[in-house]
Amino acid sequence: YSGVHVLPSHYEFNRAELVLRSSEARNISWHGEADVGGFFDGYRVRLFNQVTWKPNKHILLGAGLSYNDIELSGGEFITRLGTFKANFAFNSKWSLLNFVQYDNVSDSAAINTRLKWQPKPGDEYIFIANYGADIGEKGQIYSREHELVLKASRTVRF
């Protein structure tokens, strides 16, 4: 975090954590975590929540929020990371996986989209599109980076 520095040293953290989650086999599932305790030379409270909805075997939608309230000797700050995923399995060979995230510290958003084709077991082709943007004070979007990648893999058995 800008303006907050942690001095080099040996740090040991002691924390208490609570994790609750429902079954991912259900159409709607929830995963929650909370932990408190030491963090470098200070203290951290962390909360995490994620909800996933699978209306059928072809669609998975999910949203999550991670929150950190951090107090260090050099300063204190709060971080928030929001995520969203939308995955579509058209059939056993084709799928489209999408992931979006935003964090308040860098005021940036990132999008990752993958189109995956698995024509037969052991062969996989993935077209990946990544996009990163900075968010201005008034909500303007400034393109930072974009990338297109094609990955191909083949399993050779002998």
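Predicted model: local features only at pLDDT ≥ 70, side-chain atom pairs only at ≥ 80, totals over all residues.
Modeller: Residues are numbered from 1 along each chain as its sequence is written, and side-chain values use heavy atoms, with hydrogens and water left out.

Biologist: How many aromatic pairs does the structure hold, and what makes Phe 13 and Phe 39 a tilted one?

Modeller: There are seven aromatic pairs. Rings of Phe, Tyr and Trp (its six-membered ring) pair if their centres lie within 6.5 Å; planes under 30 degrees apart count as stacked, over 60 as edge-to-face and the rest as tilted. Phe 13 and Phe 39 are 5.8 Å apart, centre to centre, with 35 degrees between the planes, and the pair is therefore tilted.

Biologist: Which parts of the chain does this pair tie together?

Modeller: Phe 13 lies in the segment before strand S1 (15-21) and Phe 39 in strand S2 (residues 28-39), so the pair connects parts 26 residues apart in sequence. Strands (E, at least two residues) are DSSP runs, numbered from the N terminus.

Biologist: Why is Phe 39 called buried, and why is Phe 13 called partly exposed?

Modeller: Buried means under 20% relative accessible area, exposed over 50%, and partly exposed in between (1.4 Å probe, protein chains only). Phe 39 has 16% and is therefore buried, whereas Phe 13, at 33%, is partly exposed.

Biologist: What makes the pair of Phe 13 and Phe 40 edge-to-face?

Modeller: Their centres are 5.3 Å apart and their planes stand at 75 degrees, so the pair is edge-to-face. Phe 40 lies in the loop between S2 and strand S3 (42-56), so this pair ties together parts that are 27 residues apart in sequence. Phe 40 is partly exposed, with a relative accessible area of 34%. Ring pairs link Tyr 11, Phe 13, Phe 39 and Phe 40 into a cluster.

Biologist: Why is the contact of Arg 46 and Asp 35 called a salt bridge?

Modeller: A salt bridge is a side-chain nitrogen of Lys or Arg within 4 Å of a carboxyl oxygen of Asp or Glu. Arg 46 and Asp 35 meet at 2.7 Å, N to O, and therefore qualify. The pair links distant parts of the chain, with Arg 46 in strand S3 and Asp 35 in strand S2, 11 residues apart. Both residues are buried. By this rule the count comes to 10 salt bridges.

Biologist: How do you know that Glu 24 and Arg 21 form a salt bridge?

Modeller: Their N to O distance is 3.9 Å, which is within 4 Å, so the pair counts. Glu 24 is exposed, at 52% relative accessibility.

Biologist: Where is Leu 115 found, and why is Leu 115 called partly exposed?

Modeller: Leu 115 is found in strand S7. Its relative accessibility is 31%, so Leu 115 counts as partly exposed.

Key: Helix = DSSP H or I, 4+ residues; strand = E, 2+ residues; numbered from the N terminus.
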